[in-house]
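Hi,

Here is the structure I promised to pass on.

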Amino acid sequence: MLQLWQIIIGIVVAIAAAFLGTFVVSRRMSLVADALSHVALPGMGIALMLGFEPFLGGFAIMALAVLGIGVLEARRMVLADTLIGVLFTAALAVGLLIVPDLELIEVLFGDITGINLANGLLTLVGGAVIVFTTLRYLPQFAKITFAPELAASEGVPVARMNLLFLFLLAGTVAIGIKAIGVLLMGALVILPAASARNIARDLRETLIFSVGIGCAIVLIGFFVANAFRMPPGPSVVITGALIFGISLLVRRRS
Amino acid sequence: MSTPLEAKNRSDETEKPAHGTRLTAGVSARGSDGQLLTGSTLLEVKNLSVFLGGVEVLHDVTFIVEEGSMTAVIGPNGSGKTTLFRALMGMAPYAGEIVWHKKVRFGYVPQRLDFDRLFPLTVRELFLLRRRSGDFWLGGRSAAEAVRNALSHVHAAHLIPRRIGTLSGGELQRVLIAYAIFERPDVLFFDEPTTGIDVAGEATAYSLIKHLAKELRLTVLLISHDLNVVFQYVDQVICLNRAMLCYGAPQKVLTPTQLQELYGAETVFYHHRHAAEPAGEEAHAHEKHEHETRNT
């Protein structure tokens, strides 16, 4: 049976993902979000081996990846698509070897029943911090997304804001991994924002719709997964993809 | 929120060598009646060099900008004009001295705005993002009024509900000018676009800026590709080609030889004439100075 607090946790993850996703989609970072979630896998494997909370291991290794990206960007070395592809799929491969077979499906595709009080509380606190920070720096994130050069001229520390943004993204993926899974968490970041963008008139609406759609697909996905005894990741993502399709139709008509 | 860039290096007066021609650095540049006192130095740049990736893109540039004046920076593509602006605004590391003689806020109209046309930001929201976050989420009358007021200055109030990605080049430029002056800056940096805006639109932009400069008591630095504009609107001109080739009142320093040196042999000779004179065939020729080749 689905517990209330499991639903609450799912919704917190959805809200964090939906706010950040609006900027991820606009900055054409959809694949980065996806790849970043794959990087979490070896970290989770190591955490499982050492017997501590897997998503902390996942976050630690994603934070390292984010710092790496930050350093390379600061030195004006552009991370090529190919490099991202190679490094991040390599991380996935290593992770697949490290994570014990028994837990593999849950780690890859999520597991609502795996949410317990301890990791649930950690998720709630992490999610609250992410949402609060995102709202606090919303003008800066909007400006560096819209036109970085203009933001810089206003005194927005663009490089630092980029790093903060990537950290928040890593944090969001980390808190969502338990419920949605490593392979599909990236999609929860992208789908609500991409759908909202199709139907919203301005940025404010995009953010609000994105949060609404994110919550809806997590709720529907959780209930469907629970009813059919499936891992929740696939049902959440398929629901999201369906809503994205509907949003495309709505845009066509208007 | 947005913090005004402040002049960080107000260096100690006594450190500087005595300099005969230097004007007194006026910290209180405005008189008691609020009128601009002309002749007070706002910006002093001395031996400024900028290196980007190990290459010296600006070499030993020295000039002064007076408060309330209008300065044009001219030079061929890649001559370091935008880099100079970035250094002055504290956005690029530099060697040498940049001294702002009072706390200044910058407004910046970039030459080319690299932005995502699909980003769902509206003109209204762009301006609201500079205010309290409550204004972005809830709107409110005072916020709406401030936005309307800013855009009315550039005759663009009708653009408020539009998405920025749908604006034409000229409309976008007006919005960006309004945006640059929204926080009441002291100094306006205007980097003129090389392409994309029709001549009529361009003329409007300059008369608009001249008008705004007067009304809002702005000190204006602009990068221009149009020598007509330079002659018609500015008090002083800085010619850049990595190094500073000339500096002074446009009528004095923009000689045909100087322009030849600045833009290279690809330029027609500039016929020295006052831009306010009625435009004849000659004026036509000099408008196109950058595109034509004429041998001597």
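Which residues does A:Asn119 touch, not counting residues up to four places away in sequence? They are A:Glu53, A:Phe55, A:Gly114 and A:Lys178, where contact means heavy atoms within 4.5 Å. A:Asn119 lies in helix α6 (residues 117-136) of chain A; helices (H or I, at least four residues) and strands (E, at least two) are DSSP runs, numbered from the N terminus. With a relative accessible area of 3%, A:Asn119 is buried. On that scale, buried means under 20% relative accessible area, exposed over 50%, and partly exposed in between (1.4 Å probe, protein chains only).

Before the rest, some housekeeping. This is a predicted model, in which local features need pLDDT of at least 70 and side-chain atom pairs count only at pLDDT 80 or more, while totals for chains, interfaces and linings use all residues. Residues are numbered from 1 along each chain as its sequence is written, chains are lettered from A and ligands numbered from 1 in the order in which they are written, and side-chain values use heavy atoms, with hydrogens and water left out.

Now the aromatics. Rings of Phe, Tyr and Trp (its six-membered ring) pair if their centres lie within 6.5 Å; planes under 30 degrees apart count as stacked, over 60 as edge-to-face and the rest as tilted. By this rule there are 16 aromatic pairs over all chains. Take B:Trp100 and B:Phe106: their ring centres are 5.0 Å apart and the planes are at 55°, so this pair is tilted. B:Trp100 counts as buried at 3% relative accessibility, and B:Phe106 does too, at 12%. B:Phe127 and B:Phe182 make an edge-to-face pair, with 5.1 Å centre to centre and 85° between the planes. That pair links distant parts of the chain, 55 residues apart: B:Phe127 is in helix α2 (residues 123-128) of chain B, and B:Phe182 is in the loop between α5 (169-181) and β6 (187-191) of chain B. Both B:Phe127 and B:Phe182 are buried.

There's also a cluster joined by ring pairs, made of A:Phe23, A:Tyr137, A:Phe141, A:Phe146, A:Phe165, B:Phe115 and B:Phe119. A:Arg27 lies over the face of A:Phe165, 5.0 Å from the ring centre, and the charged end of A:Arg136 sits over the ring of A:Tyr137, 4.6 Å from its centre. The test for a charge over a ring is NZ of Lys or CZ of Arg within 6 Å of the ring centre and within 35 degrees of the ring normal.

A:Phe141 and A:Phe165 turn up again where two helices meet. The axes of helix α7 (residues 138-146) and helix α9 (residues 158-180), both of chain A, come within 10 Å and cross at roughly 110°. That makes α7(A) roughly perpendicular to α9(A) (65 to 115 degrees; under 35 is roughly parallel, over 145 roughly antiparallel and the rest oblique). The axes are lines fitted to C-alpha atoms, for helices over the stretch in contact, and angles run from 0 to 180 degrees between N-to-C directions. On the α7(A) side, A:Gln140, A:Phe141 and A:Ile144 take part; among their partners in α9(A) are A:Met161, A:Phe165 and A:Leu168.

Last one: A:Leu96 sits in helix α4 (residues 81-98) of chain A. A:Leu96 is partly exposed, with a relative accessible area of 35%.

Cheers
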